[in-house]
Amino acid sequence: MNPRAAMNLHAVWAIYRVEMARALRTVLQSIVSPVISTSLYFVVFGSAIGSRITEIDGISYGAFIVPGLIMLSLLTQSISNASFAIYFPKFVGSIYELLSAPVSYLEIVIAYVGGAATKSIVLGLIILATASLFVPLTIEHPFWMLAFLVLTAVTFSLFGFIIGIWARSFEQLQLVPLLIITPLTFLGGSFYSINMLPGIWRTVTLFNPVVYLVSGFRWSFYGKSDVSVGVSLGMTVVFLLVCIAIVAWIFRTGYRLRN
Amino acid sequence: MQPIISISGVTKTYATGFKALKEINLDIVRGEIFALLGPNGAGKTTLISIVCGIVNRSSGTVTVDGHDINRDYRAARGLIGLVPQELTIDAFESVWATVNYSRGLFGKPADKAFVEKVLRDLSLWDKKDAKAITLSGGMKRRLMIAKALSHEPRILFLDEPTAGVDVELRQDMWAMVRRLREDGVTIILTTHYIEEAEAMADRVGVINRGEIVLVEDKAELMRKLGRKRLVLELRSPLATVPDAFSHYALELSPDGGQLTYTYDNQSERPGVASLIRELEAAGIQFRDIDTENSSLEEIFVNLVRKQA
């Protein structure tokens, strides 16, 4: 066996399992709390306020916000899962073991990003199930629904991984999600159709990558979208490629890992 | 025989401009216990971190059992177990989980019997379900060793293994090191407890300010650089050392009751036997004789001081 060619699958599995075990250990934080907060969104926006809002694109408001809410949790959880997973060993110093192990960068990324993405996909599906208790749901394109779910989870887990490596403190770890991701998701058409915005703001919104994720994901449910689904998919893939490129650069240079 | 680790021309300059290592050349012999001595900040941990792949070097090459640590990093790293200085463990993992994790990380298939043996050897078996955070400092140190041994390494790095460790653990640890060596594992340890190096090592390297000052067989080092001291308890005190003995440079204690002769194996001074013969001939009688070897510590301190 050529040791250079073979993948260290034992390592991928070992890391993945530890990440899953962490999720189970912190089930309250990683599953229950997002489900509760999403349920609150449904109660407030879906029922209380939503009942006063007319349908959007022929979809009841409660149902309209479901894809956006799932995306919201998917984005924030993917980032926080992955950033924490790689930041924590850096913080306590146990990263030495990962760096001294016969593990390739690809394997490290597959294991950590795979673990983070799995958790947020499971969470997305749980929120979907929770939502179906509040509003009647239809999923017109289940394959694309899953594809968007997986693509987004992987992309933003990669993004979280980058943040986790970049961060030098817990404050920095929270900074990007708080200052960038939360505003982007709230302004990304989760709670409204961007067609409802005045002209100039509609154009500004098109620079927000989250718009494409939410729009494409909503299309997979109801067949209606703010921007064409091809563009949505394209933008998501572009963002994925950008993240992959940054991760590749980090590993090539040892940025904040091996210096 | 091909060295198991070959370090040549390795330098490390940190982003701050600090030169942690200047041109390190060092070969580690297969199966030996090598002690790397040096004061704090000498570059011991940086050197180990480079060999283990934790820190990128600025220049030079390192091979482990013939494998370049960059081109063939899998083969190279797979051979090495590292016990770092700091107790850095995921605090919320159980002992069992974290040791199995380490084994997997190094590409070894699960082997419960082997992991059990490692834990038993380190008196950790009773604690296998305990979370790392609940362990005492000594137990955590054992756990770090268990993690390093979990993948059956052929080379073991122990970075300051006994800093802040109690006597019992220290003895267990040395017993373990000896067992590993019998199994053919090469051991490299850093320490500033020199008595440890003296007791354990086959060879000693001294590093200071990022440079290897000396690498020597321990016994040879003690022989070459070790000073010996002969202390004679006199029957009756002397007022002064007789002139006939001036070439011995003897020291007389203030009370005149003790003569001390310091010599080393390379010295020009005549041997102990002739001194004793001459003392007897001069009618100076003594009650007792004592000899002392200088320790590795003195050798080390002298070396480092000389360089400063």
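Predicted model: local features only at pLDDT ≥ 70, side-chain atom pairs only at ≥ 80, totals over all residues.

Colleague: What pLDDT does chain B average, and which ipTM does the complex have?
Modeller: pLDDT is the predictor's confidence in each residue, from 0 to 100. Chain B averages 87, with 95% of its residues scoring at least 70, and the predictor gives the complex an ipTM of 0.84 and a pTM of 0.82.

Colleague: How many helices and strands does each chain have?
Modeller: Helices (H or I, at least four residues) and strands (E, at least two) are DSSP runs, numbered from the N terminus. Chain A has ten helices and zero strands, whereas chain B has ten helices and 14 strands.

Colleague: What does the radius of gyration say about each chain?
Modeller: The radius is taken over C-alpha atoms, and the globule rule is 2.2 Å times the number of residues to the power 0.38. For the 259 residues of chain A a compact globule would have a radius near 18 Å, and the value of 19 Å agrees with that; the C-alpha trace of chain A spans about 60 × 40 × 35 Å along its principal axes. For chain B, with 308 residues, the rule gives a value near 19 Å, but the chain has 24 Å, and its trace spans about 75 × 45 × 40 Å.

Colleague: Which residues touch the most other members of the largest nonpolar core?
Modeller: In soluble globular proteins, nonpolar side chains tend to be buried together. A nonpolar core here is a set of buried Ala, Val, Leu, Ile, Met, Phe, Trp, Tyr and Cys residues joined through C-beta atoms within 7 Å, and a residue is buried if 20 or more other C-beta atoms lie within 10 Å of its own, exposed if 12 or fewer, and partly exposed in between, with C-beta atoms placed from the backbone. The largest core has 69 residues, and Tyr112(A), Val113(A) and Phe161(A) touch the most other members. Helix α3 (residues 61-92) of chain A gives the largest share, 17 residues. Apart from this core lies another of 68 residues, including Leu47(B) and Tyr73(B).

Colleague: In what order do the four strands of the open sheet lie?
Modeller: Two strands pair if DSSP finds at least two bridges between them. The order in chain B is β12-β13-β11-β14, with antiparallel pairing, and the edge strands, β12 (251-252) and β14 (286-293), each pair on one side only. Two bridges join β12(B) to β13 (residues 258-264) of chain B, and Glu251(B) has Thr260(B) as its bridge partner.

Colleague: How many residues of each chain are in contact with the other chain?
Modeller: Two residues are in contact if their C-beta atoms, placed from the backbone, lie within 7 Å. By that rule, 30 residues of chain B are in contact with 25 residues of chain A.

Colleague: Is Val301(B) buried or partly exposed?
Modeller: Val301(B), which lies in helix α10 (residues 296-307) of chain B, is partly exposed because 14 other C-beta atoms lie within 10 Å.

Terms used: Residues numbered from 1 in each chain as written. Chains lettered and ligands numbered in written order.
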